[in-house]
Amino acid sequence: MKFLQLLSRKSEKLEMLFQPLFYQKQFPYMCLATSACLYSKKKKANGYEQVDQEKYKSLVCSVTSYKASAQTPETIFEEDNLLYGQPLKHTPSNKVETKTPKNWVPLTNPEKRIPLVNSDSNHPLKIALQKNKIPSVTRILQQTIPPQQAFYLERWKQKMILELGKDGFAEYTKNLFLQGELFHAALESIFLPEEMATKEQGEDSAVSGYLSSVQHVLKDISEVKALESAVQHETLQYLGLVDCVAKYRGRLCVIDWKTSEKPKPFLQNTFDNPLQVAAYIGAINHDANYDFQVSCGLIVVAYKDGCPAHPHFMDPDLCSQYWNKWLLRLEEYMDRN
């Protein structure tokens, strides 16, 4: 009892003694409460919460687990597929030419009458080319060459001049033309009857490789109707010199013999040659000197080293496509001149 009375008397002193200690311990808790209250008023929105995290899971893992140089072309493609999806493959259009000629003339001549029996079929036609003001197929194609094709041709020319010099390049091109002429003459002697052949035997050695190259093609050629013969389109007014008109595997074709030092296994490797063949087909069909019509073409690329030649057959549909291209080039030439 005495202890309690003594404690009650000194309560005021005890209160003064413990009050500073009590407030000292309480102050941090008040600060923390105030701080928590302040931060709870405004909460920032996290933009990453709306992202499909499962979709980018592998990408995040690959980035966070990066050590040295883990990226390879395969991993880059995988990341692209993940971010952007599978690439859309471009499918080229089946249309060969979108433009249409203004002055369209059919490839075949519906008004041309074909005799039931061809006269003197054993002797191929060989009409001499008469030089006049009518443009040739070769000139038209040369003066309307596409810019990209002209660029590559000029680049090849400059490269050859750097290697051979101007005089050496001139000699090189001269030899190429000479070999081509000898090759055509050798083929002509093969197709012509013995009494009409006038080729000298000394020319065989210069073109022996080319002749060996085309042996497998010659086996499929029959019924030669024209050799090195001039043709003229009477409506469109252009002319040319056809290498050969004969049957190839039973189908009548305009045959164009080409020589090359590089392989040309595809038709697109022959550049403007398909247009040239189509132009000759159209000219034959509209030339009164020829009592037949042609709807197919054949480009034979022979090689000097004797490697098997590449024959590129052009069916009627393909010839029609290149015929439209030829008409556009012809119109371009006429507009320029």
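The chat below goes through a predicted model, its last helix and some of its salt bridges.

Q: What sort of model is this, and how are the residues numbered?
A: This is a predicted model, in which local features need pLDDT of at least 70 and side-chain atom pairs count only at pLDDT 80 or more, while totals for chains, interfaces and linings use all residues. Residues are numbered from 1 along each chain as its sequence is written, and side-chain values use heavy atoms, with hydrogens and water left out.

Q: How many helices and strands are there?
A: The protein has 10 helices and five strands, taken as DSSP runs (H or I, at least four residues, for helices; E, at least two, for strands) that are numbered from the N terminus.

Q: And how much of the protein is buried?
A: Of its 337 residues, 31% count as buried, where buried means under 20% relative accessible area, exposed means over 50% and partly exposed lies in between (1.4 Å probe, protein chains only).

Q: Switching to α10, what span should the helix have?
A: Helix α10 covers residues 316–336, and its 21 residues should span 30 Å at 1.5 Å a residue, which agrees with end C-alpha atoms that are 30 Å apart; the expected span is 1.5 Å times one less than the number of residues.

Q: What do the buried residues of α10 pack against?
A: They pack against α5 (137–143), β1 (221–233), β2 (238–248), α9 (273–285), β4 (296–303) and β5 (310–314), with contact meaning heavy atoms within 4.5 Å. Among these buried residues are Trp323, Trp326, Arg329 and Glu331.

Q: Which residue meets Arg336 in a salt bridge?
A: The side chain of Arg336 meets that of Glu332 at 2.6 Å, N to O, a salt bridge being a side-chain nitrogen of Lys or Arg within 4 Å of a carboxyl oxygen of Asp or Glu. The two residues are four apart in helix α10, so about one helical turn separates them. Arg336 is exposed at 54% relative accessibility, whereas Glu332 is partly exposed at 29%.

Q: How many salt bridges does the structure hold?
A: The structure holds six, including one between the side chains of Lys126 and Glu188 (2.8 Å, N to O). Lys126 sits in the loop between α4 (73–84) and α5, and Glu188 in helix α6 (residues 147–191), so this pair ties together parts that are 62 residues apart in sequence.

Q: Is Glu188 buried or exposed?
A: Glu188 is buried, at a relative accessible area of 16%, while Lys126 is partly exposed at 44%.
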